[in-house]
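This report covers domains, a sheet and a chain contact. Please look at the model first.

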Amino acid sequence: MNDLYRPKPVTIRKIVIENEAKDIKTFELVFLDREDRERFKFTCGQFAMLSVLESGESPIGIASSPLDDEYLQFTVKRYPTGVLTTALHNLEEGTQIGVRGPYGNFYPLEAMEGKNVLIVGGGFAFTTLRSTIRYLLHEKNRSRFKDITVLYGARSPGELIYKSQLKEWEERDDISMYVTVDKGDENWKGRVGLVPNVLKEVAPSSKNSIALVCGPPIMLKYTMVPLLDLGFSPQTIVTSLERRMSCGIGKCGRCNISSRYVCKDGPVFTYAELRELPEGAL
Amino acid sequence: MKGKVIGKEQLAGWLDNLREEYDVWAPVKGNGLVSFHPINSASEIYFGFLNTRKTPKDLFFPQSEVLFSFRRGEMEKDRDTLLEKPRIIFAIRPCDAQNLALLDKVFDSEDYQDPYYVERRKGTLLFGMACTHPQTTCFCTSMRAGPFEKTCLDLLIVDLGNDRYFVEAVTEQGKDAIGKNNLLEDAGEKDTERLAKTKKEAEEKIKSKIVIEGLEEKLDKIFDSSLWDRVHQRCLGCAICTYLCSTCHCFALLDEKVDSGGQRIRSWDSCMFPGFTLEASGHNPRISNKERMRQRVMHKFNYFVKNFGQTACVGCGRCIRNCPVNIDIREIIQEIDNE
């Protein structure tokens, strides 16, 4: 009849366990029908519904770059009460699942052109930021953006995700990487400190800059303060929100914050937009 | 458009003619409830109803429906069609018909058209039955409508209180439905007079008034008001107000296992349930009845207005009549107005 709610079949080509706790995995998906991938036109910051028959669907941010045209990647944290995330984590490479999307708005890539880009991520809320970094660093795109600064933190060294990718980026000279952990261990030789504190130390310039920030709510809250102190205006601070969703297209009525639907009006909002919403709704 | 009249005794003949081309759905009494069912004869129709307990929105957006089935990990083919024949919904109340204008905004929006809703909507004619006996819980006249409201209707039928119905075509399709038989005749002066009188009497019976002018702006200011601490106190969180609501459109997509396969189903869901917004991490942005009650009121009288320019309430009063603890949306709105 119509495929509005029908997922497109994909095969899990590769699964990477991202963290020590083994509850964060990256799934690399390939469409069974090549045309489905071509139709799946997305931009950094968007999400899709991942679907496992018998277990339902969940909205997950797209972690691969739009220019990774062979595959899609999604990084998923398993929660003991999460039906879909648990089902996904129990699957093996080669299994067929479904993808529905892409949905939502995206990071302001056009507005970022000719500007310095500051990217701040915390924990596993680094997925659509990773998509963005891959996109910005692509040889076709890099020259269109000025300085790229990435500040990424996790609770402990074992909880940092995309480790090999982080290493790759650290070796490049066209991106400044600051990776930090809340608490180190005997092998950790890197930076130790909470994201907002490290941000104060690094003190990136807000001049001609846009900041993309994603992380747990508590990190977001305490990161806004130094960002504003550094001179970033609420319009130039961009973040991405999450909510429980069912349809992903603004109909099922559950992901709203005030009159804005996270699935349709978001998930990307500027800090200026968030400040317009009642705090109790966030 | 000049009205027609039909003798009550002729109605069966008219509906029989229409049934050649359409599936005719009408209010039928059974199991102590009146609800819409396909009929084979006009004698099945129950005319004594005030309004159905359940809203006829489920004829367009069913309480639960299968989106697709799957077996051994493979999705099965879609159904080709939802309606075998075009439908007529006979004797839908004006408030429930007007409600479809609101649901259209959600399900037939510019960006994504819900195929299930849209197909049913396009394949259905609405023959409204004016409300000559509004209930004490009705407040449609406060919602920019009334017991004779014609929004979304193809035909409006009015019981003139004698041996006749007045029939007014609202759309071209409604006109066609009249034109196809000779049982209806042009209304005379007496009929039109009687119509005006019936309408006036019906409107006068609706005593409850709520003020929606300025309500949206008012609600903008009171998100953090202590009012929300009070109005939810009695609420049991049973969600009947949303299940029987004409305008509530929230749903969940769920998978259900059956034998060697399963189905993805769409089911009505409710913002009054804690699980509605509960995330896998354990975080719940609407943690108590307070936030959920606020969401229900805000969605109808503020968010929907912001998104679609209209209030998401038609004043049918079902939430008032069916609440087990007598929560009355009219009183809540009054309290908001007093803030």
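This is a predicted model: local features need pLDDT of at least 70, side-chain atom pairs count only at pLDDT 80 or more; totals for chains, interfaces and linings use all residues.

Residues are numbered from 1 along each chain as its sequence is written, and chains are lettered from A and ligands numbered from 1 in the order in which they are written.

**Domains**

Domain bounds come from an automatic or database domain assignment. For chain A, the assignment gives domain 1 (8-103) and domain 2 (109-240). Chain B is divided into domain 1 (4-205) and domain 2 (215-338).

| Domain pair | Distance between centres |
|---|---|
| domain 1 of chain A and domain 2 of chain A | 24 Å |
| domain 1 of chain B and domain 2 of chain B | 26 Å |

Two residues are in contact if their C-beta atoms, placed from the backbone, lie within 7 Å. In chain A, 17 residues of domain 1 are in contact with 15 residues of domain 2. The side of domain 1 of chain A that touches domain 2 of chain A has 7 nonpolar, 7 polar and 3 charged residues. In these classes, Ala, Val, Leu, Ile, Met, Phe, Trp, Tyr, Cys and Pro count as nonpolar, Asp, Glu, Lys and Arg as charged, and the others, Gly among them, as polar.

In chain B, 32 residues of domain 1 are in contact with 26 residues of domain 2. On the domain 1 side of this contact, the elements that give two or more residues are β4 (64-71) and α2 (94-107) of chain B. Helices (H or I, at least four residues) and strands (E, at least two) are DSSP runs, numbered from the N terminus. The residues of that side of domain 1 of chain B divide into 14 nonpolar, 10 polar and 8 charged.

**A sheet in chain A**

Chain A has an open sheet of 6 strands in the order β4-β3-β6-β1-β2-β5, with antiparallel pairing; two strands pair if DSSP finds at least two bridges between them. β4 (56-61) and β5 (72-77) of chain A stand at the edges, each with a single partner strand, so one side of each is left without a neighbour in the sheet. From one strand to the next, the twist averages 40°, with axes fitted as lines to C-alpha atoms and angles running from 0 to 180 degrees between N-to-C directions.

Strand β1 (residues 8-17) of chain A pairs with strand β6 (residues 96-103) of chain A in the antiparallel sense over 4 bridges. Lys8(A) stands opposite Val99(A) in β6(A).

**Contact between the chains**

Chain A gives 30 residues to the contact and chain B gives 36 residues. The side of chain A that touches chain B has 10 nonpolar, 13 polar and 7 charged residues.
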